Amino acid sequence: WVGHEYTAKNCAFACFCEPNNEEIKKRLAWAKSRGSIHAGGRGTIPTTIGKEKACNPFARIDVMSVMEFCGPCDDRSERMRLVRKGKD
């Protein structure tokens, strides 16, 4: 069983991080339409690595739009930290 349902919340952050990413907007709408499994909805699992690479800023730290979100930074570890800080 799934312990947590974070897809819609994570997609909302991803939209903040990458506001021009249409795939993220579609995934957010899809996640909202499914509803949380804990609230009687269908949930958003399973997922695929491909979907995560298209929508998850933590899996996209080398993509220009995420790099722009982080600001001037050449270090991948620092970009990961900045994305995490943005999510917090």
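Predicted model: local features only at pLDDT ≥ 70, side-chain atom pairs only at ≥ 80, totals over all residues.

Q: Is R27 buried or exposed?
A: R27 counts as buried, because its relative accessibility is 10%. Buried means under 20% relative accessible area, exposed means over 50%, and partly exposed is in between (1.4 Å probe, protein chains only).

Q: OK, which residue forms a salt bridge with R27?
A: That's E52, and the closest N and O atoms of the pair are 3.4 Å apart. The pair links distant parts of the chain, with R27 in helix 2 and E52 in helix 3, 25 residues apart. A salt bridge here is a side-chain nitrogen of Lys or Arg within 4 Å of a carboxyl oxygen of Asp or Glu. Helices (H or I, at least four residues) are DSSP runs, numbered from the N terminus.

Q: And what about E52, buried or partly exposed?
A: E52 is partly exposed, as its relative accessible area is 24%.

Q: How many salt bridges are there in the whole structure?
A: A search finds 8. One of them joins K25 to E22, with the closest N and O atoms 3.2 Å apart.

Q: How far apart are K25 and E22 in helix 2?
A: They're 3 residues apart, so about one helical turn separates them. In general, an α-helix has 3.6 residues a turn, so residues three or four places apart point the same way.

Q: What about R84?
A: R84 forms a salt bridge with D88, and their closest N and O atoms are 2.8 Å apart. D88 is exposed, at 72% relative accessible area, while R84 is partly exposed at 40%.

Q: Switching topic: where does A14 lie?
A: A14 lies in helix 1, residues 7-17. A14 counts as buried, because its relative accessibility is 1%.

Q: What is A14 in contact with, beyond its neighbours within four places in sequence?
A: I24, C55 and P57 (contact means heavy atoms within 4.5 Å). The C-alpha atoms of A14 and C55 are separated by 6.9 Å, though the two are 41 residues apart along the chain.

Q: Which helices do the buried residues of helix 1 pack against?
A: Helix 2 (22-34), helix 3 (49-55), helix 4 (64-70) and helix 5 (76-87). Those buried residues are T7, C11, F13, A14, C15 and C17.

Terms used
Residues numbered from 1 in each chain as written. Heavy atoms only, no water. Helix = DSSP H or I, 4+ residues; strand = E, 2+ residues; numbered from the N terminus.
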